Amino acid sequence: MMAGKQLLKATPMRQVIAIVKPYLAEKILEGLRLAPLEAVHVREVKGMGRQKSYLDQYSESEYSEAFLPKVEITAWVEDARCEEVVRKLVEVARTGRMGDGKILVLAAETPETLIASKH
């Protein structure tokens, strides 16, 4: 154990990654405000999905310019509450149009949180 630090064991976790259209990000975060999340990270990303011939249209331009802007919201949630969070994500983010995004659920190792001890 590190001097002045103490490890706390936590419950099994899942990492939920939602890749969505940028204009949906604030709406999703507001919808998740009361969700049982341990932590959330948000970042801007670029990518492509099933827009099958989208990149072909830009074959003469820079490849990276053909990627669409997205927002990646990564949340950590207790295993037992994961389904609830995913349902909320789908409810808030689904527009029914192509390119709504993707939700990935990954098993996360049981986290160990470092906290400062009072020594």
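**Figure 1. Overall fold of the predicted model.** Read along the sequence, the chain runs through its elements in the order β-β-α-β-β-α-β-β, and this arrangement comes from a predicted model. Two helices and six strands are found in the chain, in which buried residues account for 26% of the 119 residues.

**Figure 2. Close-up of the largest nonpolar core.** The largest nonpolar core holds 16 residues, of which Val 20, Ile 28, Leu 32, Ile 73 and Leu 89 touch the most other members. At least two residues of this core are supplied by each of β2, α1 (25-31), β4 and α2, and the most, five residues, come from α2. In soluble globular proteins, nonpolar side chains tend to be buried together. The surroundings of Leu 89 can be followed in detail: leaving aside neighbours within four places in sequence, Leu 89 is in contact with Val 16, Ala 18, Ile 28, Leu 32 and Ile 103.

**Figure 3. Close-up of the largest cavity.** A search of the whole structure gives one cavity of 30 Å³ or more, and the space in the largest cavity is about 30 Å³. Its lining consists of Val 16, Ile 17, Ala 18, Leu 32, Ile 73, Ala 75, Val 85 and Leu 89. The elements that contribute two or more residues to this lining are β2 (13-20), β4 (68-78) and α2 (82-93), with β2 giving the most, namely three residues. Sorted by class, the lining of the largest cavity comprises eight nonpolar residues and no polar or charged ones. Leu 32, Ile 73 and Leu 89, which are among the residues lining the cavity, are also among the residues that touch the most other members of the largest nonpolar core.

**Figure 4. Close-up of the largest pocket.** The volume of the largest pocket is about 500 Å³, and of the 21 residues that line this pocket, Ile 19, Gly 99, Asp 100, Gly 101 and Lys 102 are the closest to its centre. At least two lining residues are supplied by each of β2, β3 (37-47), β4, α2 and β5 (101-108). In terms of class, the lining of the largest pocket divides into nine nonpolar, five polar and seven charged residues.

Figure 5. Ala 93 is located in helix α2 and counts as buried because its relative accessibility is 9%, where the limit for a buried residue is under 20%. Not counting residues up to four places away in sequence, Ala 93 touches Val 20, Leu 24, Ile 28 and Asp 100. Asp 100 is one of the residues closest to the centre of the largest pocket. The C-alpha atoms of Ala 93 and Lys 27 are 7.8 Å apart in space, although 66 residues separate the two in sequence.

Figure 6. Gln 15 has its place in strand β2, and, when residues up to four places away in sequence are not counted, Gln 15 touches Thr 74, Ala 75, Trp 76, Leu 104, Val 105, Leu 106 and Ala 108. Although Gln 15 and Val 105 are 90 residues apart along the chain, their C-alpha atoms are separated by 5.7 Å. Ala 75, one of the residues touched by Gln 15, is also part of the lining of the largest cavity.

Definitions and conventions. Residues numbered from 1 in each chain as written. Predicted model: local features only at pLDDT ≥ 70, side-chain atom pairs only at ≥ 80, totals over all residues. Heavy atoms only, no water. 1 Å grid on protein atoms, 1.4 Å probe; cavity = no way out; pocket = protein on both sides within 12 Å on 5 of 7 lines; lining within 4 Å. Points joined across faces, edges and corners; volume = space filled by probe spheres on them. Helix = DSSP H or I, 4+ residues; strand = E, 2+ residues; numbered from the N terminus. Nonpolar A, V, L, I, M, F, W, Y, C, P; charged D, E, K, R; others polar. Buried < 20%, exposed > 50% of the residue type's maximum accessible area, 1.4 Å probe, protein only. Contact = heavy atoms within 4.5 Å. Core = buried A, V, L, I, M, F, W, Y, C linked by side-chain atoms within 4.5 Å.
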